[in-house]
Amino acid sequence: MDRYNRNASCVGGNGMGHLWVAVLGPLDVERGGTSLRLGPRQVELLSVLVIELGRPVLARRLVDLLWGPTPSDSAAATLRSHVSHLRRALAVGAPSLAPASTISTVGSGPGLSYRLDLPPDCLDAHHFEKETAQARRLLDSGDPAQFPHAADLFGTALARWRGPAFADVADRPFVLPEVARLDALRRTARHGHAEALITLGRHAAVVGDLTGALQEDPYDEGMRCLLALALYTGQRVDEAAETCRRGIALLRERGMDAPQLDRLHGAILRREHLSPASLSSVLLRSVPKVLPPDLLPPDPPHFVGRAAELAHARRLCTSTGQRQIVLVTGPAGVGKTSFAVRLAHLLARDFPDGCLYVNLRGFDPGDAAMTSDEAVRLFLDALQLPAEQVPATAETRAGRYRALLSERRMLVVLDNARDVDQVRPLLPGGSQCAVLMTSRQQMPGLVAVEGARPVTLDLLTVAEARELLANRLRDGRVEAEPRPVAGIVERCSRLPLALAIVAARAAVHPGFPLAALARELAASQGSLDGFAGGDPATDLRSVFSWSCRALSEPAGRLFRLLGLHPGPDISIPAAASLAALPAREVRVALGELARAQLVIERAPGRYTCHDLLRAYAAEMVAAEPEQERRAALHRIVDHYLRSARAADGRLSPLRDPIMAPPPQTDVVPEEPADNAQALTWFAAEHRVLTRMVELAARHGFERHTWQLAWALTTFLGRRGYWDDLIAVQNRALAAAERHGDRAAMAQAHRDIVAAFSETARFEAARQHLESALILLIDLADRVGQAHTLLTLSWVCEREGDQAAALRHDEQALRLFRAAGHETGEARALNAVGWDYAVLGEYQEAARYCQRALTKQRRLGDRTGEANSWDTLGYAHHHLGHYRRAARCYRRALALNRELGHRYNEAETLQHLGDTYRVSGNPDAARECWLPALQILTEIGHPDAEQLRERLVATHEHPEHGSATVAGCTR
């Protein structure tokens, strides 16, 4: 049995003339057990032909799919070349097979097409589907004698998966429908497998798998029932009851019933005799329940009035026959967001597939509006699209989002939209969804082209304004002082935001008569320009200034300084650096601002404010002395630079250091204690940091600009935020050019390459690398040249040119050696070793890795040593030296545990288990894979599911174990 667990009959025996195409993971093509090497474009082309197996695909359609709607004039000729190369690659190892017989040319001229002529039995996906369907039939037969065979078939089918389907091209639009179909079948197979095992009474074998599955989706009632049943029949009664109780509570928190769990819980508490046969088929074969996404903020507790507008907008949103777009407009502060959120809560039952909500920050005073792509990413997360399936480009991400909504009935709320361009990518394509949008702009283009229906909100009526105050001040003052209340309503211009701020002030001082507050408000002068609108009675600046005058001096100063911060939110330590105050004093000041409703604590320790309030804060701080403003800006930029450098040091401790600008006084950077804390900090500050790079550039902090971008590179790369990486590095490059810092320019050129390479824009990647090399050669910086060549080698490897990668790595090795840069030399030795391993030269790979290890041990480079031991183990494994490979992996494992690199520890455990497996020790393999699974599950890594399925399969079918070893990281 080979690594895909296929039967020999699937490919017509073991002859050299038979192909095997595996798409349940990265695309892999084998002939006679030997993998064929394909370039990236060949992988894309073959993926399309596999999806259309046996059907001709027009050449012009292939051009559109592979190069997009605006291909170059040479695309057709390039396609013919790729087809020719793919034919030759598929014919390798089959001398009796004509190169043209696998891919046929059909027709000519405009009808020219290509067809992949392979029997379905050559595809792993075909066998997966066939085995799953057969297992389902056996299970549905009701014949107990067939249940073991059903469980075996489910296990065999699931063991075929090596990762996400079509993983190499999972972000390309042409593959999305097929990937979605295969993923749905995989979920069904997992449920069927668990059902079959429980029916057979193999409870202990599935408890671990079901527990891990519920960590991924705690709201899956059917899976929770299966887990509770397995625990109960395995004599773990208390755990079974607690599993039911926890599930019932979770589902009820989301407003969902749990009838199956309720029935099973009662039976467990009564200690009834339970067996699979005694449970209804509904309980055992329930469809996995996925909780509909609900991103709505809470229903506004003090909402008043708007009855006619709510009724009208509700009718518009629920009209059938086509997609409905309702655009809620009105002046700032009129309550558009509260109206939209209230309406969305009223509409919730009309849209059973859930509600998506996002604040687009279209009128953020710092010009920090959310991009449509940021919103799409948020929605894809809410729709539970796995991270590895998120497409690489903004356009394809938007297409995936629209595809996910095409068959759903959902409500999409786009709050505070700026313009048509910002919202158009967020409009769902299906006819069953409704869009509820708020904006200060009337957006005539959206009305004319997209058919949006406008709903305009005016100021509250006098009665509604009084009701708003009465709702917020439930102490009788509004009823007792009608004339002062009338004055307050008039001064607030019946604007909900202004009334809310006044009410907050009154609530904080319950002993103040409203008459005094009305007199103080009337004495205020000025107006916010954004609220002028031709009506001098609209005077929000008076309200804001009056509210700020009620603040203590530290809170008032902090509020003004927040006008310098780009948002969208700020942490307590950052606010402390901004204000040059101790954290405890800043925490008190922020609490005071929150009580006055000038800021909102949107998450523990993180504060934000309405964009109008931020605009007012910016106006106020503009009146401060230039020297004080500049000092505060310098402090906040310095805070984020030093915090980011500290966090990046945890993520990548071996990066060559850079010389930071002199530290500012009263700045206390945040210093994460380990890798996990660093990732958490970067995730929380991600949007702030990208804006801070722009702010630093705008205010002339050139060194801070490029160094902030440098410190962000590792995190943005690990998370795949390629557009952000390009944006910050472009700003870094411009700042370095203005500053005349050629070394920084070269660094920015090199750091931007990962984004272009990962998104297959190799020409742009090469241009930046060439620019970096020119600068570094001019600077005679051999170490920088060497680092750049290592990066260029990586680009070549991504392009499928491993020979070129080897040449660049060897040149980098010579440069590091000439410069006496031993850490870099050791890294290059390992890179060259990896190149040889990929090229199949395992003896040479081992020789280079051994040299790298010698240097790393002497230098004390524990991380590099761990990686080299792992790579050396890879070489020995493929040489058949399984004992040596195991020793190498054990050394890498000990180092990774010492360093606290949990993912590396799990990866090495998997590699060690693979080696034990192929050397005939399946028990030792499982002893490695089980703790690896525990680590991957705890850190939420997507590899956990694949490893869990392998463990289940190998437990039931020891002969089905995988013999593959994943490659090490360069």
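Before looking at handedness, I noted the convention that a crossing is left-handed if the near helix is turned anticlockwise from the far one by less than a right angle. I also noted that this is a predicted model.

**Entry 1: confidence**

I looked up the confidence of the chain and found a mean pLDDT of 82, with 87% of the residues reaching 70 or more. Among the elements of the chain, helix H25 (residues 572-579) has the highest mean pLDDT, 96, whereas helix H11 (residues 281-284) has the lowest, 40. I marked residues 1-16, where pLDDT stays under 50 and for which the model has 44 contacts beyond four places in sequence. I marked residues 959-969 as well, where the pLDDT is below 50 and the model has 32 contacts beyond near neighbours in sequence.

**Entry 2: H4 and H5**

I then turned to helix H4 (residues 124-140) and helix H5 (residues 147-159), which pack with their axes 8 Å apart at an angle of about 160°. Because angles over 145 degrees count as roughly antiparallel, I recorded H4 as roughly antiparallel to H5. The crossing of these two helices, H4 and H5, is left-handed. On the H4 side I listed Phe 128, Glu 131, Thr 132, Gln 134, Ala 135, Arg 136, Leu 138 and Leu 139 as making the contact, and on the H5 side Phe 147, His 149, Ala 150, Leu 153, Phe 154, Thr 156, Ala 157 and Leu 158. Sorted by class, the contact of H4 with H5 has 10 nonpolar, 4 polar and 2 charged residues.

**Entry 3: H8 and H10**

Next I looked up helix H8 (residues 221-233) and helix H10 (residues 259-269), whose axes are 9 Å apart and which pack at an angle of about 15°. Since angles under 35 degrees count as roughly parallel, I wrote down H8 as roughly parallel to H10. H8 passes H10 in a left-handed crossing. The residues that I found making this contact include Arg 224, Cys 225, Ala 228, Leu 229 and Tyr 232 of H8, and Leu 261, Leu 264, Ala 267 and Ile 268 of H10. The contact of H8 with H10 divides into 9 nonpolar, 2 polar and 2 charged residues.

Note on methods
Residues are numbered from 1 along each chain as its sequence is written. This is a predicted model: local features need pLDDT of at least 70, side-chain atom pairs count only at pLDDT 80 or more; totals for chains, interfaces and linings use all residues. Side-chain values use heavy atoms; hydrogens and water are left out. Axes are lines fitted to C-alpha atoms, for helices over the stretch in contact, and angles run from 0 to 180 degrees between N-to-C directions. Helices (H or I, at least four residues) and strands (E, at least two) are DSSP runs, numbered from the N terminus. Angles under 35 degrees count as roughly parallel, over 145 as roughly antiparallel, 65 to 115 as roughly perpendicular and the rest as oblique. Contact means heavy atoms within 4.5 Å. Ala, Val, Leu, Ile, Met, Phe, Trp, Tyr, Cys and Pro count as nonpolar, Asp, Glu, Lys and Arg as charged, and the others, Gly among them, as polar. pLDDT is the predictor's confidence in each residue, from 0 to 100.
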